[in-house]
Amino acid sequence: RGKVRPSAFHDPNFAEACRHAAAVGVRFRALLVSCSFAGLTVEREVAVDVEEYDLRPIAGWVAENRDSTGWIRSASQQRVANGPFPHEKVAKPRRRSKDCFPMALEQAEEEICFDL
C-alpha cells in the first residue's frame with residue numbers, strides 16, 4: 001500500500017547517499033501521517049525504497065506542469081518551488097581576478113581571495 005523514496009530527480013546527491021547508506025546497513029523508516037484541523041495523526045508505517053529508478057516520467061511531469069504547480073507567496077504573489085532545481089542549473093565558470101592567489105596567507109590592505 002504505497003512506499004516513499006528519496007527523489008533522485010529533485011536531489012540526486014541525497015538519493016545516492018541514501019543508497020550508499022542502505023548498502024552498508026542503515027535502515028530507513030517512514031510514517032504516513034494525516035493532517036486535519038484537529039492535528040496530526042500517525043496512520044501507519046510505509047516502506048522506503050532506495051533503489052534506482054527511471055527518472056524520465058518524473059522529468060516529463062515536472063516539465064509539463066512547471067507553470068501550474070508549486071505555491072504562491074501571499075506577500076509577493078510570486079509562484080515558487082518549481083525550480084530550476086540545483087541539479088538543473090549550469091554552474092557559471094569562476095573567474096579569478098588578476099590579483100587573487102589560491103593561498104594568500106599574508107595580511108594585506110586589499111581583499112584576499114582563496115579558491116576553495
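Me: Why is the pair of side chains of Asp49 and Lys3 called a polar contact?
Reply: The two side chains are joined at 3.4 Å. A polar contact is a pair of N or O atoms within 3.5 Å (within protein, one must be able to donate a hydrogen and the other to accept it, and residues adjacent in sequence count only if both atoms are side-chain atoms), so 3.4 Å qualifies. This is a predicted model, in which local features need pLDDT of at least 70 and side-chain atom pairs count only at pLDDT 80 or more, while totals for chains, interfaces and linings use all residues. Residues are numbered from 1 along each chain as its sequence is written, and side-chain values use heavy atoms, with hydrogens and water left out.

Me: What else does the side chain of Asp49 reach, and which residues does Asp49 touch?
Reply: The side chain of Asp49 reaches the backbone nitrogen of Glu51 at 2.9 Å. Setting aside residues up to four places away in sequence, Asp49 touches Lys3, Val4, Arg5 and Pro6 (contact means heavy atoms within 4.5 Å).

Me: Is Asp49 buried or exposed, and how do you know?
Reply: Asp49 sits in the loop between β3 and α2 (56–65). Its relative accessibility is 16%. Buried means under 20% relative accessible area, exposed over 50%, and partly exposed in between (1.4 Å probe, protein chains only), so Asp49 is buried. Of the 116 residues in the protein chain, 17% are buried.

Me: Why are Leu40 and Leu31 called exposed?
Reply: Leu40, in strand β3, has 66% relative accessibility and therefore counts as exposed. Leu31, in strand β2, is exposed because its relative accessible area is 54%.

Me: Which residues make the nonpolar surface patch?
Reply: Leu31, Val33, Leu40 and Val42 make the patch, which covers about 400 Å². β2 (30–36) and β3 (39–48) each supply at least two of the patch residues.

Me: Which residues is Leu31 in contact with?
Reply: Apart from neighbours within four places in sequence, Leu31 is in contact with Val42, Arg44, Glu45 and Val46. The C-alpha atoms of Leu31 and Glu45 are separated by 4.4 Å, although the two residues are 14 apart along the chain.

Me: How many helices and strands does the protein chain have?
Reply: The protein chain has two helices and five strands, in the order β-α-β-β-α-β-β from the N terminus. Helices (H or I, at least four residues) and strands (E, at least two) are DSSP runs, numbered from the N terminus.

Notes: Patches are made of residues with over 30% relative accessible area and no salt bridge: like charges are joined within 9 Å, nonpolar side chains (Val, Leu, Ile, Met, Phe, Trp, Tyr) within 5 Å. Accessible areas come from the Shrake-Rupley method with a 1.4 Å probe; for residues, only the protein chains shown count as cover. A salt bridge is a side-chain nitrogen of Lys or Arg within 4 Å of a carboxyl oxygen of Asp or Glu.
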